[in-house]
Structures are given as structure tokens and as C-alpha cells.
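Please read it alongside the sequence and the model.

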Amino acid sequence: MALYLALLYQPVDQYFMQPGDVPAPGERSVSPGYGEFMAEAGPAGVIKGGEALLPPEMSTTITVAGGKGGDVVVTDGPYAEAKEVLGGYFLIEAADLDDAIKWAAKIPAAWDGGKVELRPVLELNKQN
Amino acid sequence: MSDPADELALTIRVAGASVLATLTRTFGSLQLAEDAVQEAALAALRAWPQSGVPRDPRAWLLVTARNKALDIVRREAARPAKEIAASYSAPERAPDIAEAVIEMTQEAGSVRDDILRLIFTCCHPALSPEARVALSLRTLAGLDVAAIARAFGVPEQTMAKRLVRARQKIAAARIPYKVPADSELPERLPAVLAVVHLIATEAHSPSSGDAVTRIDYELEAIRLARLLSDLMPGEPEIISLLALLLLTAARRPARTRPAGAGQNGAGQDGHEPVLLRDQDRSLWDHAMIAEGTGLLAEAVRHSGGAAGPYQLQAHLSACHSTAASWEDTDWERIVSLYDLMAALGANPAVLLNRAVAVGERDGAAAMLAALDAIDGLERSYLWHAARADALARLGRAAEAGAALEAAIGLAPTGPERRLLVRRRQGLA
């Protein structure tokens with residue numbers, strides 16, 4: 001089995017909950033599609049983790065100038081301005097890339113105006 | 001391929017690809033299998049000219065490459081684990097001797113599956129088209145990095161990096177080494193066919209060169225298309241692609257000619273391109289055309305009336321290849337084929353060719369109108385050249401000259417550009 005981070009990119013104006021929004025009890029998903037996806041992927045044991053993110057205006061970007069121990073430079077906003085922004089992620093466990101692609105294609109961000117990027121997770125000390 | 005050295009090299013390349021496919025499965029690492037097959041191929045190149053080609057070259061190469069692979073695994077085992085991970089993605093499982101014996105006696109069916117696995121892995125849509133082409137030429141065609149780099153006009157180091165990156169991605173992202181299920185084929189086959197088509201159209205085949213490096217990419221693509229059609233019989237788009245490649249290659253003897261006396265259109269190799277309308281059709285390979293049209297008819301039977309993009313292109317090519325002359329070409333049919341292609345996905349190049357066909361059917365005024373209706377080709381020298389042609393036929397010489405100037409300014413250097421310069425001289 002292999003681990004993939006599914007990065008959910010979606011249009012800036014879509015789905016994001018605002019800091020003051022209170023989700024309904026037992027319902028954290030921001031689109032009915034996510035509830036449906038979790039209902040299928042959850043019991044299949046595919047999802048090893050995941051969170052929805054607040055909108056990119058809430059982001060803070062940090063870099064340390066001049067290497068370790070240098071000045072911490074803090075800027076408001078996301079790393080890169082884009083029409084589609086990171087809205088959440090799932091950690092997916094799948095047999096191989098084809099299997100992971102099959103699940104990624106079911107995530108609403110992939111079919112509802114956004115994109116899903118699959119990034120293989122570096123597995124340290126992996127025993128085959 | 002009359003040269004015995006060429007023939008030997010081809011035998012090794014063909015058998016080597018299927019050995020590579022099998023070893024990749026048993027050892028679980030494409031890089032390891034490639035290195036082992038490379039060593040075995042070198043051993044064959046040394047041994048066979050003396051001993052003669054063995055009765056079963058594949059078995060010889062398989063045994064030799066397997067031993068080389070086991071040597072490499074043993075060698076690697078002595079190195080720190082971190083270094084091994086950097087060069088070979090760790091084999092999923094160690095090969096054993098029992099497996100080796102089974103391999104030696106395996107049936108043809110499992111070789112077939114191994115080659116299909118290799119094809120679908122190298123042509124996985126998660127790899128970039130450039131990487132797919134490079135990897136396929138390396139693994140399926142068994143070409144060396146230097147030859148592939150030359151064919152695509154990039155430095156050898158760039159091509160080597162591209163290949164390393166592709167293999168790393170296959171290992172790291174776990175691109176599976178398997179044949180897609182029938183239900184996945186409609187999604188996966190186009191990426192494979194695109195690779196074969198790109199090899200035929202994009203790879204530069206030198207018309208001269210020394211025997212060691214002389215690779216004919218158009219024939220290489222035909223060989224791969226034949227392999228696919230043997231492995232997956234009855235797939236209409238595979239048969240159509242093979243037909244298209246044959247119908248196109250059949251015109252090759254007339255596609256260029258030695259530069260004429262006093263002409264300045266010659267390329268570096270002393271040949272200049274000849275436009276389809278000016279080609280001497282008696283030079284075409286009519287046996288190849290017959291095979292192409294026969295295959296196309298077979299593809300039509302298998303496709304049940306739903307023509308895919310390669311079938312449409314093969315029909316177009318057949319229209320040209322079976323016409324007695326440019327004037328006798330069935331332009332009505334060609335225009336409607338372009339309409340069908342545009343319906344599958346409008347692409348400016350298709351619309352440009354359609355406009356030329358409209359011109360032959362309805363005259364220069366209709367051609368000019370069709371050309372001016374296309375958006376997004378202002379930077380294409382072919383578009384400007386076609387406009388110049390239409391304007392000249394309408395007697396608007398000044399505008400035609402201006403269009404030719406624009407075409408010359410945008411044309412790549414080389415024979416295409418010199419051809420345009422000659423046309424401008426003809427206008428004056």
C-alpha cells in the first residue's frame with residue numbers, strides 16, 4: 001500500500017467556511033458531495049486523515065531570511081495567489097497510483113470546478 | 001535493413017524489449033531491469049558476431065540479463081540501504097531461483113502480458129507526453145539515450161535526466177505495472193497511441209548517418225503499432241493508427257527530392273521537401289498503400305460506425321494516397337472528414353487543412369474566407385502561406401506578397417523557409 005496526500009484545490013469563492021461559521025452538529029463537510037464521498041471512502045478504509053481549511057485570506061506565510069536562525073519574515077496571505085486555492089486535504093492509502101486516482105476522481109473538488117493533486121508521501125523506514 | 005550489423009542490432013533490440021518487460025515484473029524495478037538488459041545486449045553484441053545468433057535470442061538474453069540483474073542486486077546489497085534507494089527503488093520482492101526456472105519455460109501468453117504491462121506503464125497518463133515518448137523509445141524500442149536525444153534535438157544530458165525523472169516517478173508515485181482492465185482501456189489507450197504517433201511525426205529521422213546510429217523513426221513507429229495490433233487484436237483505433245502510419249510512410253519516396261540545379265531550397269543533406277500537390281505519385285509505395293487501405297477497412301468493421309480520431313486521419317490519408325492526382329482528389333469527402341475531426345475537438349491545424357480542401361472544392365475565394373474565419377493562427381507560417389496561396393490565385397499579388405513575407409518571417413529556418421522564399425521569387 002502507498003500513501004498519497006490528496007490536495008484539494010477549489011475556486012476561491014467556493015465552499016470555504018468563514019471563521020465565524022458554526023457547522024451543524026455532526027456535519028463538517030462544506031458541500032453535500034463531501035458527505036457522500038466520506039460515506040463511500042470512509043468504510044473502504046481509504047482515508048487516513050484530512051481536514052477542511054479556512055479561506056486563504058486567513059493564511060500567513062512564513063520564511064526565514066538568511067538561513068536557519070535568520071530573520072523570520074511573516075507575510076499576510078497564501079504562498080501564491082491563484083484562482084484555485086488549497087481548500088483541504090485527505091491522506092489516502094491506496095494500492096497504487098491507479099487506485100489512488102480512482103478515489104481522487106470521486107472527491108468533489110475534482111468534479112465540481114476544482115482539481116485534486118495527488119502527492120506521494122515519503123515513507124521513512126518503509127518495510128516492503 | 002540489409003546491413004548485417006543493423007539486423008543484429010534490431011534483433012537484440014526487439015528481443016531485449018520483451019526481456020526487459022519480464023525482468024521488470026520479476027524484479028519490480030524498471031531501472032534495475034534496464035541496466036541488466038543493457039549489459040546483456042552489450043554481451044550479445046560481443047558474442048553473436050562470432051558464435052552466430054542463437055536459435056532463441058530472447059531466451060539467451062533473458063538468462064544473461066537475469067544473471068546480470070542478480071549480480072547487480074548482490075552488489076547493491078553490499079552498499080548502504082540509503083544509496084540503494086537513491087539508485088534503484090527497492091525491489092518489491094527478491095527474485096528466487098524457482099521463479100527463474102518458471103520464467104524460462106513460460107508460455108507466449110505471459111510474454112504478451114509482460115510487454116503490455118511495460119507499454120501501459122511507460123505510457124501512463126501520469127507521465128508527461130515527452131517522458132512517455134522518451135521512455136517508450138528507451139524501453140520498447142531499445143534505443144540508447146544518445147539516439148533518442150538526437151531525434152528530439154536536445155542534449156544527451158537533458159534526455160538522460162528526463163528518463164531518470166520518469167523512472168523515479170514510476171517508482172515513487174507507484175505507477176502500477178499492470179495491464180488496464182477492459183473498462184479502463186478507452187481512457188488509457190489514447191495515451192499509448194499518441195506516443196506511437198509522436199514517434200512517427202516528431203522524431204527527426206536523419207536521412208544520412210553512420211550505420212550505428214541510423215534509426216528510422218517512421219518505421220520504428222510502424223513496428224510499435226504492429227506490435228500493439230498483435231497484442232491487442234481487433235482494437236479499431238490501433239488498426240487505424242497502423243493504417244495511418246503506413247499510408248503516410250508510403251508517400252515518403254516522393255516527399256523530398258535532391259535539390260535541383262540552381263535551386264536554393266536544399267537542406268543540409270541536399271534534399272528539399274516536395275508539397276503533396278507536386279509529388280510524383282508513381283514513386284509512392286503502392287504495396288504499402290494497399291496494406292494501409294486494407295487495414296482501414298478492417299478498422300471500420302471493428303469500430304461499428306463510430307470512427308475515432310485515428311480512423312478519421314487514416315481516411316484522410318487514404319483519400320490522398322489513392323487519388324491519381326492532386327486535381328482528382330475527392331475534396332468533397334476530405335472537407336467532410338475535416339468537419340468530423342473538428343467536431344471531435346476543434347483544433348486550428350485541422351481548420352487550416354480544412355480551408356485548403358475547401359479551396360480545392362469551391363475555389364480560392366471560399367478558401368480565403370475559411371482561412372480568415374480561423375482564430376489563433378496569426379503566428380503560424382502555414383496559415384500565412386495558405387493565405388498567400390489563396391490571394392495569388394485571386395490575382396491579388398500585392399497582398400499575396402505581404403502574406404508570404406509574414407510567412408517567411410515566422411517560418412522555422414531550413415528547407416520549409418527556403419521553399420517560401422522561392423515562392424516569393426516566383427510571384428515577382
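## Chain B overall

Chain B exposes about 20,300 Å², and carbon and sulfur atoms supply 56% of that area; accessible areas come from the Shrake-Rupley method with a 1.4 Å probe, and for residues only the protein chains shown count as cover. This is a predicted model, in which local features need pLDDT of at least 70 and side-chain atom pairs count only at pLDDT 80 or more, while totals for chains, interfaces and linings use all residues. Residues are numbered from 1 along each chain as its sequence is written, chains are lettered from A and ligands numbered from 1 in the order in which they are written, and side-chain values use heavy atoms, with hydrogens and water left out.

There are 21 helices and two strands in chain B. Helices (H or I, at least four residues) and strands (E, at least two) are DSSP runs numbered from the N terminus. Of the 428 residues in chain B, 47% are buried; buried means under 20% relative accessible area, exposed over 50%, and partly exposed in between (1.4 Å probe, protein chains only). Among contacts in chain B (heavy atoms within 4.5 Å) between residues at least 6 apart in sequence, 65% join residues at least 24 apart.

## The interface of chains A and B

At the interface, 11 residues of chain B are in contact with 11 residues of chain A. The area buried between the two chains is about 820 Å², and carbon and sulfur atoms give 50% of it. Ala173(B), Arg174(B) and Pro176(B) supply 53% of the area that chain B buries against chain A, more than any other three residues. Buried area is the accessible area (1.4 Å probe) that two parts lose on being put together, summed over both.

Two salt bridges are counted between chain B and chain A, a salt bridge being a side-chain nitrogen of Lys or Arg within 4 Å of a carboxyl oxygen of Asp or Glu. Arg188(B) and Asp98(A) meet through their side chains in a salt bridge, at 3.4 Å from N to O. The side of chain B that touches chain A has six nonpolar, one polar and four charged residues. In this classification Ala, Val, Leu, Ile, Met, Phe, Trp, Tyr, Cys and Pro count as nonpolar, Asp, Glu, Lys and Arg as charged, and the others, Gly among them, as polar.

Four residue pairs across the interface are in polar contact, both residues of each being at pLDDT 80 or more. A polar contact is a pair of N or O atoms within 3.5 Å; within protein, one must be able to donate a hydrogen and the other to accept it, and residues adjacent in sequence count only if both atoms are side-chain atoms.

## Asp96(A)

Asp96(A) lies in the loop between strand S5 (84-94) and helix H2 (97-104) of chain A. Asp96(A) counts as buried because its relative accessibility is 13%. Its side chain reaches the backbone nitrogen of Asp98(A) at 3.1 Å. Leaving out residues up to four places away in sequence, Asp96(A) touches Tyr4(A), Arg174(B), Pro176(B) and Lys178(B).

Arg162(B) belongs to helix H9 (residues 156-172) of chain B and is partly exposed, at 25% relative accessible area. Beyond residues up to four places away in sequence, Arg162(B) touches Glu130(B), Ala131(B), Ala134(B) and Val154(B).

Leu227(B) is in helix H11 (residues 217-231) of chain B and is partly exposed, at 27%. Ile115(B) and Ile119(B) are touched by Leu227(B), again not counting residues up to four places away in sequence.

## Salt bridges within the chains

Over all chains, the structure holds 29 salt bridges. In one of them the side chains of Glu84(A) and Lys115(A) meet at 3.5 Å, N to O. This pair links distant parts of the chain, 31 residues apart, with Glu84(A) in strand S5 and Lys115(A) in strand S6 (residues 115-120) of chain A. Glu84(A) is partly exposed at 29% relative accessibility, whereas Lys115(A) is exposed at 51%.

Arg74(B) forms a salt bridge with Asp71(B), the closest N and O atoms being 3.2 Å apart. Both lie in helix H3 (residues 57-77) of chain B, three residues apart, about one turn of the helix. Arg393(B) and Asp389(B) form a salt bridge at 3.8 Å between the closest N and O atoms; they are separated by about one helical turn because they are four residues apart in helix H19 (residues 381-393) of chain B. Elsewhere, salt bridges that share partners join Asp216(B), Glu218(B), Arg252(B) and Arg255(B) into one network.
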